[in-house]
Amino acid sequence: DMDSCKISVIMPVFNSGKYLETAINSVLSQTLNEIELFLIDDGSIDGSSELCDNFALKDKRVKVIHQKNAGICKARNVALNMTHGEYIAFIDHDDEYLLDFLEKAYKVAQEVNADIVKLSKKEIIFREQVVVRERYYQLNSQILEKKDIKRNFFSLLENGVFTCVWDGIYKKEIVLNNGVRFDEFFKNGGEDIDFMMQIVKYVELLVTVPDICYLHYIRKGFSTSAKFKIQKVDHLKELPKRVNNTLDYLDLHISQYEDAYSYYLVKEYISPIVALYANPRCNFDYLEKKRMIEKVRNAHYMIPGFFRRKTCLIFKKSIKMGTVYFLFKYKMYRLLLLVFSLRSKYV
């Protein structure tokens, strides 16, 4: 009965292989039963299409949409327009919900009439089927009204609340009534941050929950985020623009948050771009890489005070980001590339 549907879950599927069944089962076995699951098959050719259809035959809560390969943004947008739930949730085709993810999120949302509920997550990085690192993204227990979101905007950004969409639930009317969609410009990452930058403009109440309820797997060589595509640079360059648009909308002035904004640039803009050029599959020579990094240095997002920040302040937040800032600030590009090259080799 779609009238009683509490949460609509959207899962884009593309050549998901052996991981798909686990991901789907993690949704269908949720302790919250009043859900629907949209499987958007984005032109799979590895048997994932047939697996989706089989699940739909076994469970009436599953709806399958087959489309020609058009990317994750198109897949999610197609499903958004078909949802029946009070809230919308997302999951990647090779990740997992823990058993009570949706029930916990929905219960919190109902208690305070939240527009968004975000839960904590665990990230597991594999290389050749071996776990090389695990990271926990633990949120504090907070109920944030609009004024609180504005005041804590950069700490929310820094703590990963605005980084991805699959770690929470979103009130459907907020999404649909404000035309919040995934921008199909983003073909190689960045679409989640952009979605969050859109929706946060309209949120009156955001809740964060410390319970870890989502497992995010990064499989080197499988996950889209782990693959080398030079086009990612264009998407990374676009994100500060989207962040700045949201800051303007919320009437937040960068001049009052220069330290926090500078840290954001190091973590979410400079580091990913340098990491891309340091990727062993990038066949640019050093001079070309240097020239491209200089372009980053001269981008208009780099606020006048960026290079006047005290390195020790960034080190206090993150030794890694402090190192990146120091090497970037003093144009030690060869060493900067080496650091990222070694990291990609062993992590």
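Figure 1. Val 339 belongs to helix H14, helices here being DSSP runs of H or I with at least four residues and strands being runs of E with at least two, numbered from the N terminus. At 36% relative accessibility, Val 339 counts as partly exposed, the class between buried, under 20% relative accessible area, and exposed, over 50%, with a 1.4 Å probe and protein chains only. Together with Phe 315, Ile 319, Phe 326, Tyr 330, Met 332, Leu 335, Leu 338 and Leu 342, Val 339 makes a nonpolar surface patch of about 790 Å². Nonpolar side chains (Val, Leu, Ile, Met, Phe, Trp, Tyr) are joined into such a patch within 5 Å, like charges within 9 Å, from residues with over 30% relative accessible area and no salt bridge, which is a side-chain nitrogen of Lys or Arg within 4 Å of a carboxyl oxygen of Asp or Glu. Areas come from the Shrake-Rupley method with a 1.4 Å probe, and for residues only the protein chains shown count as cover. Helix H13 (319-329) and helix H14 (333-346) each supply at least two residues of the patch, and H14 gives the largest share, four residues. The model is predicted, so local features need pLDDT of at least 70 and side-chain atom pairs count only at pLDDT 80 or more, while totals for chains, interfaces and linings use all residues. Residues are numbered from 1 along each chain as its sequence is written, and side-chain values use heavy atoms, with hydrogens and water left out.

Figure 2. The whole structure holds 26 aromatic pairs, where rings of Phe, Tyr and Trp (its six-membered ring) pair if their centres lie within 6.5 Å, and planes under 30 degrees apart count as stacked, over 60 as edge-to-face and the rest as tilted. The pair of Tyr 97 and Tyr 214 is edge-to-face, because the ring centres are 5.7 Å apart and the planes stand at 65°. Tyr 97 lies in strand E5 (residues 96-97) and Tyr 214 in strand E10 (residues 205-219), so this pair ties together parts that are 117 residues apart in sequence; both residues are buried. Phe 154 and Tyr 257 form a tilted pair, at 5.5 Å centre to centre and 35° between the planes.

**Figure 3. Charges over tyrosine rings.** A charge sits over a ring if NZ of Lys or CZ of Arg is within 6 Å of the ring centre and within 35 degrees of the ring normal. Arg 219 lies over the face of Tyr 19, at 3.6 Å from the ring centre, and the charged end of Lys 317 sits over the ring of Tyr 263, 4.9 Å from its centre.

**Figure 4. Helix H8 and Cys 73.** Nine of the nine residues of helix H8 (residues 191-199) are buried, so the helix is largely enclosed by the rest of the structure. Cys 73 is also buried, with a relative accessible area of 2%, and its sulfur is 14 Å from the closest cysteine sulfur, in Cys 164, too far for a bond. With a disulfide taken as a pair of cysteine sulfur atoms within 2.5 Å, the count comes to zero.
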